[in-house]
Amino acid sequence: MYGPEFAADPAATYGKLRAHGNTAPVELAPGVRATLVTGYEAALHVLRSPETFSKDPRRWRDLADGTVAPDSPVVPMMMYRPNALFTDGEEHRRLRGAITDSLARVEPNTLRGYVERSADTLIDLIAPRGEADLLGEYAQVLPLLVFNRLFGCPPDLGERLVEGMSGIFDGVDAEKANELLTVTLLDLIALKRARPGQDMTSWMMAHPAALTDEEMIHELVVLMGAGTEPQQNLISNGLRLLLSDDRFAGSLGGGSLPVEDALDEVLWTDPPMANYAVHYPIRDVVYEGTLLRAGDPVVISLAAANTDPALTNDQRAGNRAHLAWSAGPHNCPAQSPARLIAAVAVEKLLDRLPDVELAVPVGELEWRPGPFHRALASLPVRFPVAPVSGEAVAGREGARRPVLPAFTGQPEPPAPAAPVRPEGTWARLRAWWRGE
């Protein structure tokens, strides 16, 4: 499940695996054995049975005994961390409660404003060029800008988070980038302990869960991880569908933008995290005649379960019974905000660049290899050159950057001149953060 053949056509692999029944043996990476759940009902059984299937990776036998090397490429996505994703029972409820209760305090209209203004910022950088990679220059960056606002980052820490995340995304000195990210989050936590504000970081700290600084780091990282990679895939996969599928693209010219329908289709057929929700049997379990050994990873194929031939209803528009958000006690706590971010991001781009089209045939788009995600490598598009937003530029002299709303209440830094084009999207974004 880790090569380019799987990435190019995962549905073909799922079809072959179904010959084994609702579960099948797979290899996530060289030497990393697991069981993949491909049936919808079987997936629900695992996801809703915490008394039998644990989320705690410390139960993973092959990692504990050295069969799987610590430097295996899938270990960072599967290893234990003290956050809501990798815990069970009361500890899970405590850590998850801090997240869900804090997310509930985010007003949808405020979040929509964050997304719209962040989207305008990024579109202003590409609009004068007539071409762009909507993955690397839009879908990948926008969630990070929004999260900076949700976390209440002042501009200097926001710049460092951008730099740290860009290093991780770009694979350039990832170890140094990860260290920068950790140190920056520690600084953010220290700042919010001293001067709490109306933001997610402060709310989580004040929560009755009484999170330690270490727990805060891991909670913020899991929020960032869940809010960046899956979110960028949902945005880019939605845009790909709208720009290539006649069922959706055909109505764009008529002014009808069926964004919600497109997102439903993506969440059913190409969910951003295609295979994840890793569980570990607490004891040996026989399920439909298959032995699932204690401590062996059981991976839920959210994509295969959603397309299980046993499902008789193929009406996807408006149907939210898919498993893209998982299910059971570990279902995604941010479903509504995540969907709002994706919908507004897509709507804003199509509104600002209504004549955008793919720069290559849809069949030539490449997918990033990997067992867990359904992720494009890039999304090249072209469009008629468009002006930047009136809010962003009033002429090169005296132009002001778009003002992103901030939870912190701190004043915006001095306004720069109109955006120029430093090398690379992340370089341009860092320049924007610096006010250059």
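Strand β5 (residues 275–281) and strand β8 (residues 298–301) pair in the antiparallel sense over three bridges. Pairing here requires that DSSP find at least two bridges between two strands, and the elements themselves are DSSP runs numbered from the N terminus, helices being H or I of at least four residues and strands E of at least two. Within this pair, Tyr-276 has Ile-300 of β8 as its bridge partner.

The structure is a predicted model, in which local features need pLDDT of at least 70 and side-chain atom pairs count only at pLDDT 80 or more, whereas totals for chains, interfaces and linings use all residues. Residues are numbered from 1 along each chain as its sequence is written, and side-chain values use heavy atoms, with hydrogens and water left out. The pLDDT, the predictor's confidence in each residue on a scale from 0 to 100, averages 85 over the chain, and 83% of the residues score at least 70. Over residues 391–422 the pLDDT falls below 50, although this stretch has 74 contacts in the model beyond near neighbours in sequence; a contact means heavy atoms within 4.5 Å. Residues 432–436 also have a pLDDT below 50, with 20 contacts beyond near neighbours in sequence.

Strands of a sheet pair through backbone hydrogen bonds, either parallel or antiparallel. Strands β5 and β8 belong to an open sheet of five strands in the order β1-β2-β8-β5-β3, with mixed pairing. Because β1 (23–29) and β3 (53–54) each have a single partner strand, they stand at the edges, and one side of each is left without a neighbour in the sheet. Two helices lie across strands of this group. Helix α2 (residues 10–17) lies across β1, β2 (32–37), β5 and β8, and runs at about 140° to β1. Helix α3 (residues 40–47) lies across β2, β3, β5 and β8, at about 130° to β8. Such angles run from 0 to 180 degrees between N-to-C directions, and the axes are lines fitted to C-alpha atoms, for helices over the stretch in contact.

A further open sheet has three strands in the order β4-β10-β9, with antiparallel pairing. Its edge strands are β4 (131–133) and β9 (357–358), each of which pairs on one side only. Between β4 and strand β10 (residues 380–382) there are three bridges in the antiparallel sense, and Ala-132 stands opposite Val-381 in β10.

The account now turns to helix packing. Two packed helices are described by the angle between their axes and the distance between the axes. For helix α7 (residues 108–126) and helix α9 (residues 142–151), the axes come within 9 Å and cross at roughly 135°. The two are therefore oblique to each other; angles under 35 degrees count as roughly parallel, over 145 as roughly antiparallel, 65 to 115 as roughly perpendicular and the rest as oblique. Their crossing is right-handed, the near helix being turned clockwise from the far one by less than a right angle. On α7 the contact is made by Leu-111, Tyr-114, Val-115, Ser-118, Ala-119 and Leu-122, and on α9 by Leu-142, Leu-145, Val-146, Arg-149 and Leu-150. By class, this contact has nine nonpolar, one polar and one charged residues, where Ala, Val, Leu, Ile, Met, Phe, Trp, Tyr, Cys and Pro count as nonpolar, Asp, Glu, Lys and Arg as charged, and the others, Gly among them, as polar.

Helix α6 (residues 89–103) and helix α13 (residues 213–244) have axes that come within 11 Å and cross at roughly 65°; these helices are therefore roughly perpendicular to each other. Glu-91, Arg-94, Leu-95, Ala-98 and Ile-99 in α6 meet Glu-215, Glu-219, Val-222 and Leu-223 in α13. The residues of this contact divide into five nonpolar, no polar and four charged.
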